[in-house]
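The following note sets out, point by point, what may be read from the model shown below. Please keep the sequence and the coordinates at hand while going through the points.

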Amino acid sequence: MKPRRQNRIWLTIVPLYLFTIIFVAGPLIYMFVLSFLTRDEVWGVVNTFTLDNYAKILKPVYAQTFLESLKLAFATTLLTLAVGYPFGYFMARLSAKWKKLMMLLVVVPFWTSALMRMYGWIIIFQSNGLLDKLLMGLGITEDPLKLLYSYPAVLVGMVYSLLPFMILAVYSSVEKMDWSYIEAARDLGASRVQAFLTVTLKLTLPGILSGVILVFIPSMGLFFIADILGGGKIMLVGNLIRDQLMTTRDWPFAAALSVVLTVLTSLLIRLYRKITHTTELEGIL
Amino acid sequence: MKRILVLILALALSISAFTGCGKKTEELNLYTWAEYVPADVIADFEKDTGIRVNYTNFETNEEMLAKLSAADGGDYDLILASDYIIKIAADEGLLSELDTSKIPNWENIDPIYQGFFYDPEDKYTVPYAPGIPLIVYNPDKVSIEIDGYEDLWDPSLVDQVGLMDTERVVTGITLKTLGASFNTEDLDLIRQAGEKLLELAPNIRMLHQDQTQNALIQGEINVAFLFTSQVALALQANPNFKVVYPKEGLGFGVDALFVPKNAPNKDNAHTFLNYILDGEVGARIATQTYYLCPNKVSYEYLPEEFHNSLMITTEDIPEGEFIQNISSEAEAVHNEIYTAFKAALD
């Protein structure tokens, strides 16, 4: 009986490993190897080892794109947290019927292509567009504003597309929370704010953590929003990688940029985990 | 058990039915940008010839070439792409020579659109959409008279200019203002263009590949550098826009069709080429793609207003310079100055 059961376990594990090796490890290794090769004169790659691709990243022009991406990712994550946390918190406190409805409303936008939804924002932001007409109609502004192709427009687009991840992460941790802790804190004399800061916030930290990670990682890579709503005026690492592949045809440089981006993102997540983990321990102690 | 057996039998039947079908139906695998070949032209071709067209899209020329070289010049029967990438594909040996005896309409091609760098002896390609990018501006909102690329730098145009987000085009027109060629190999000159390009940054309101003309029509920008099709669309929306033939020199590009080396249905590809080279069909294509019409028989089918809105004559063609492939060192400098330019935009 026993060996047969083990066989079955292998049946389920092997496809999983194969899948991971082929679709996750494979491309990563390919990318890593490619980043040390040399581009061919016009098309393709030659098998000559070089570190030039990494040296090139240190040029200020290219290093700057990493800073720009980090800046946008941090701003996006903070704003998403500021909007998403209260949303998720109050959503978890609704009645079952309303919860279901809200959940549906949060998820529905995913049924439409993200690109399509960005074009929707263009209609809102463009000069004499919906927002302009509203502001002028209310007498707040007199002339059309230049809302589109600006940094705030990009931020709105980023926050808009990543908000559901934050909401759902916060929601699930608030939903799981045992409210008797808060009652206990209140009984022991804590004010509402104190109870929230010392109990609720600490208990929902795992939700915040996963929300932050779910928002931060994609915002390092989402570059089409900067292209569409920012009018191509913001140069992110994502744009640079795309340009290397699609116009400059320098695949090894694109690979090197991707390797650095991957490493950088992983490091930041590690750092973030370490920091939040220690505060969590402090909270318990 | 019986049920499963029935299901398997039914499946087997349907599969054999499909493969049977596949062998009888003639196919043509056409690979190009989405909606670049008008749907009605394809539908009529299918009706007339009984050949089924499988239209697959790519987003960029580079994506096409990556797939084509991975397939070793197979999988696709007919590819429609840009001049410079066809040159690379030709150098990689991925093109198949055309058999003009199977294309009776070959002589309809206007020879002014032939003999270019990517196919100097006209052995491999059929021109589909030639074009010249031009400056278009709204004279009601712009106080200066624009007659060349140099005017885009004018201080009165702060935050009003839209360009196509295409590295070699943007760096290229800057080189033109320095009196240089798009394709110069002089690295110092390219760097000098980079310095000059940084000075253009305050005037740039947006960069976009596909919808620059919409921003001009909407009033988001007042000056735009546009591809031929976009020029036509902008003028259609607002006939008051002024079109400028930049005095520093014109650019020129051709999107052309070729048959890959190991195309599975080469005969059908030839049938299709002959079909679209028909005078009337050529005119239908040109009126929908808004590019120049490379078919001289089509001219009589082209509507009058179309001639007016396009405003480019064949006399302009020899003036135009192609953007061609340059050495990887020069390409790298272009990328560096363009990245610096984009970082300098607000």
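1. Asp72(B) is placed in the loop that runs between α3 (61-70) and β3 (78-82) of chain B; helices here are DSSP runs of H or I with at least four residues, strands are runs of E with at least two, and both are numbered from the N terminus. The model is a predicted one, in which local features need pLDDT of at least 70, side-chain atom pairs count only at pLDDT 80 or more, and totals for chains, interfaces and linings use all residues. Residues are numbered from 1 along each chain as its sequence is written, while chains are lettered from A and ligands numbered from 1 in the order in which they are written.

2. The backbone of this loop deserves a check. Most residues other than glycine have a negative phi. Asp72(B), although not a glycine, has a positive phi of about 50 degrees. Asp75(B) lies in the loop between α3 and β3 of chain B, and its phi is near 70 degrees, again a positive value in a residue other than glycine.

3. How exposed is Asp72(B)? Asp72(B) is partly exposed because 13 other C-beta atoms lie within 10 Å. Asp75(B) also counts as partly exposed, with 16 C-beta neighbours inside 10 Å. The classes rest on C-beta atoms placed from the backbone: a residue is buried if 20 or more other C-beta atoms lie within 10 Å of its own, exposed if 12 or fewer, and partly exposed in between.

4. Chain B as a whole contains twelve helices and twelve strands. Of its 346 residues, 41% are buried. Among contacts in chain B between residues at least 6 apart in sequence, 76% join residues at least 24 apart; a contact requires C-beta atoms, placed from the backbone, within 7 Å.

5. One sheet of chain B is open and has five strands in the order β8-β7-β9-β6-β10, with mixed pairing. Two strands are taken as paired if DSSP finds at least two bridges between them. The edge strands, each pairing on one side only, are β8 (204-207) and β10 (242-244) of chain B. With direction ignored, neighbouring strands of this sheet are turned by 20 degrees against each other on average; the axes are lines fitted to C-alpha atoms, and angles in general run from 0 to 180 degrees between N-to-C directions.

6. Which strands pair with β6(B) in the antiparallel sense? Strand β6 (residues 134-137) of chain B pairs in this sense with strand β9 (residues 223-226) of chain B over four bridges, and with β10(B) over three bridges. On the β10(B) side, Tyr137(B) faces Lys242(B). Leu134(B) and Val136(B) point one way from β6(B), Ile135(B) and Tyr137(B) point the other way, and all are buried.

7. The domain assignment, which is automatic or taken from a database, divides chain B into domain 1 (25-130 + 253-309) and domain 2 (134-249 + 321-344). Twelve residues of domain 1 of chain B are in contact with ten residues of domain 2 of chain B. Helix α4 (residues 83-91) of chain B gives the most to the domain 1 side, with four residues. That side has seven nonpolar, three polar and two charged residues; Ala, Val, Leu, Ile, Met, Phe, Trp, Tyr, Cys and Pro count as nonpolar, Asp, Glu, Lys and Arg as charged, and the others, Gly among them, as polar.

8. Between the chains, 23 residues of chain A are in contact with 28 residues of chain B. On the chain A side, α3 (60-92) and α12 (237-248) each supply at least two residues, and α12(A) gives the most, with six residues. The chain A side divides into ten nonpolar, eight polar and five charged residues.

9. Chain A averages a pLDDT of 89, and 94% of the residues score at least 70; pLDDT is the predictor's confidence in each residue, from 0 to 100. Over residues 278-285 of chain A the pLDDT is below 50, and this stretch has two contacts in the model beyond near neighbours in sequence.

10. Leu138(A) is found in the loop between α6 (130-137) and α7 (151-176) of chain A. Leu138(A) counts as exposed because it has 8 C-beta neighbours inside 10 Å. From C-alpha to C-alpha, Leu138(A) and Glu41(A) are 59 Å apart in space, and they are 97 residues apart in sequence.
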